[in-house]
Amino acid sequence: MSTDLSMTANGKYAIEARHMHVYYGSFRAVKDIALQCPRNHITALIGPSGCGKSTVLRSFNRMNDLIQTARTEGEIIYQGANIYAPEVDPVEVRRRIGMVFQKPNPFPKSIYENVAWGARINGMKGNMDELVESALRQAALWDEVKDKLQQSGYSLSGGQQQRLCIARTIAVKPDIILMDEPTSALDPVATLRIEELIQELKKNYTIIIVTHNMQQAARASDHTAFFNMDSDRAGYLVEYGNTNDLFTNPKNELTEQYITGRFG
Amino acid sequence: MRRDRAHSSRLTHHKRNKMNIRENFDRDLQALQDDILEVGSLVQENLVKVTAALTQRDFEQSRKLVKEDKWVNKRRIAIGMEAFSLIARQQPMAGDMRLIAAVLEIIGELERIHDYVKGIGHINIMIGEEAIPANLLELLPEMAELAAEMLEGALDAFTKRNSELALNVAKRDDSVDKLYNKTYKRVMRYMNDNPSEASFEMAHRVEWAAHNLERAADRVTNICEWIVYLVTGHYKEVQHETYGKG
């Protein structure tokens, strides 16, 4: 079901996929995706391996463009326009729709520069110290690093590095933050800290998170989209809804089987 | 004699794959379900037995049934603890979660229904050698049978995961209410015609026994509501007729 364009301009949905297909060469990886992600909410994408959830996530900020054989059909509507339109600058898309990856990947720079560099490149003006502090505070990292900003980003623990990557993303003032299994490589405590953090972040950003951890999706998201692989090996959207409803009373039998761990 | 339904009850709320990757969990859920059926069967039988003991003035039987309440209370706690353990260990979702939730609610209701059984047993013993007029006791066995049949129907609906069946059982509560109201009027008339302390005490206790049976049927209705939640994912209170009608 499509919405009118005004819904995504400043309205209820931050981003929307319409009749989206993604191909790698001749292989169709995901088919006919229709998905609306509400503004200032957390939407989780779940599903078994190979269902295309990461492909869908990457299509939201044109990261798939970096894969030579990748081709996207259909539309991703952001700010009232299709981000795949020829006149759209994908770099600008990725500034506004940032991404945090599974393995924390800070730059080989100081903690300060990790945050400041992207902002500088994107032409951010104003007090850089304030901007860095703001981003690190929003990422719940400031208190732990404020006295060692010149130390390398690599000196931090895994969980801290991931929060540094979140701060880096925040520093360029995105609207939407995409997270591809952001806590898979982290210990349980670091995982829960990130989950707490995204509850805070949604006040200012829209979050879309891929996770293979169903309990995480249940704990940490407002809406959940369940994907599955069809017999033609293309991923498709099975069910999408309010997280509480989906996890207590899913509409689709396949969803029930997956979230109760009977397949996957 | 406890009816053993374990052999006939099987979880049917999900399809089984070639390899059941949650075999242990499924086994534990099945065991919880069987526990409910075991306790439910006993409660069902004892509702009828304790009422018969009252009408037949069988104090020995009443004492025996009062003692059985200890077992019911122990099972309630044990089943509850097992349910908590499954929640902690297995993080149940969707239908599994609703099953555990329904089990917790149902075992609570069953325990309270058996408290009513125990209450009726005590009433028989407390009335003691005082004679009870036949017309005050007349409708109680039918109330007990109806409540027991309702409970049997509810347990059947639980096993079969059938919300229609559960709702039909809940509707039968009105019949029990009608019999209670009739008994209440008889007790009031008797007390009016026999104004002595001993008569009042006996009649009041008989009325209380009838009230226990009426409340037992109400609690079976609650069980039915949780079965509907288990099956459909939606909780809705079944409308009861108010007291005083019929």
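**Figure 1. Overall fold of chain B.** Along its sequence, chain B follows the pattern α-α-α-α-α-α-α-α. Chain B has eight helices and zero strands; helices (H or I, at least four residues) and strands (E, at least two) are DSSP runs, numbered from the N terminus. This is a predicted model, in which local features need pLDDT of at least 70, side-chain atom pairs count only at pLDDT 80 or more, and totals for chains, interfaces and linings use all residues. Residues are numbered from 1 along each chain as its sequence is written, while chains are lettered from A and ligands numbered from 1 in the order in which they are written. Of the 246 residues in chain B, 41% are buried; a residue is buried if 20 or more other C-beta atoms lie within 10 Å of its own, exposed if 12 or fewer, and partly exposed in between, with C-beta atoms placed from the backbone. Among contacts in chain B between residues at least 6 apart in sequence, 82% join residues at least 24 apart; two residues are in contact if their C-beta atoms, placed from the backbone, lie within 7 Å.

**Figure 2. Confidence of the prediction.** The mean pLDDT of chain B (the predictor's confidence in each residue, from 0 to 100) is 91, and 89% of the residues of chain B reach 70 or more. Residues 1-17 of chain B have a pLDDT below 50, and this stretch has 28 contacts in the model beyond near neighbours in sequence. Over residues 242-246 of chain B, pLDDT also stays under 50, with four contacts beyond four places in sequence. For the complex, the predictor gives an ipTM of 0.83 and a pTM of 0.87.

**Figure 3. The side of chain A that touches chain B.** Here 13 residues of chain A are in contact with 13 residues of chain B. Helix 9 (214-220), helix 10 (243-248) and helix 11 (253-259) of chain A are the elements that give two or more residues to this side of chain A. Helix 11 of chain A contributes the largest share, three residues.

**Figure 4. The largest nonpolar core.** This core has 142 residues, and B:Ala147, B:Ala154 and B:Ile227 have the most contacts inside it. A nonpolar core is a set of buried Ala, Val, Leu, Ile, Met, Phe, Trp, Tyr and Cys residues joined through C-beta atoms within 7 Å. Helix 8 (residues 197-232) of chain B supplies the largest share of the core, 17 residues. Apart from its neighbours within four places in sequence, B:Ala154 is in contact with B:Ala166, B:Val169, B:Val220, B:Ile223, B:Cys224 and B:Ile227.

**Figure 5. Packing of helix 7 against helix 8 in chain B.** Helix 7 (residues 173-193) and helix 8 of chain B pack at an angle of about 170°, with their axes 10 Å apart. Axes are lines fitted to C-alpha atoms, for helices over the stretch in contact, and angles run from 0 to 180 degrees between N-to-C directions. Helix 7 of chain B is therefore roughly antiparallel to helix 8 of chain B, a term for angles over 145 degrees. Among the residues that meet are B:Tyr180 and B:Tyr184 in helix 7 of chain B, and B:Ala210 and B:Leu213 in helix 8 of chain B.

**Figure 6. Two arginines with positive phi.** A:Arg62, with phi near 60°, is found in the loop between helix 2 (53-59) and strand 4 (70-78) of chain A. A:Arg62 is buried, with 20 other C-beta atoms within 10 Å. B:Arg57 has a positive phi of about 55° and lies in the loop between helix 1 (23-55) and helix 2 (59-90) of chain B. B:Arg57 counts as partly exposed, with 16 C-beta neighbours inside 10 Å.

Terms used. Parallel < 35°, antiparallel > 145°, perpendicular 65-115°, else oblique.
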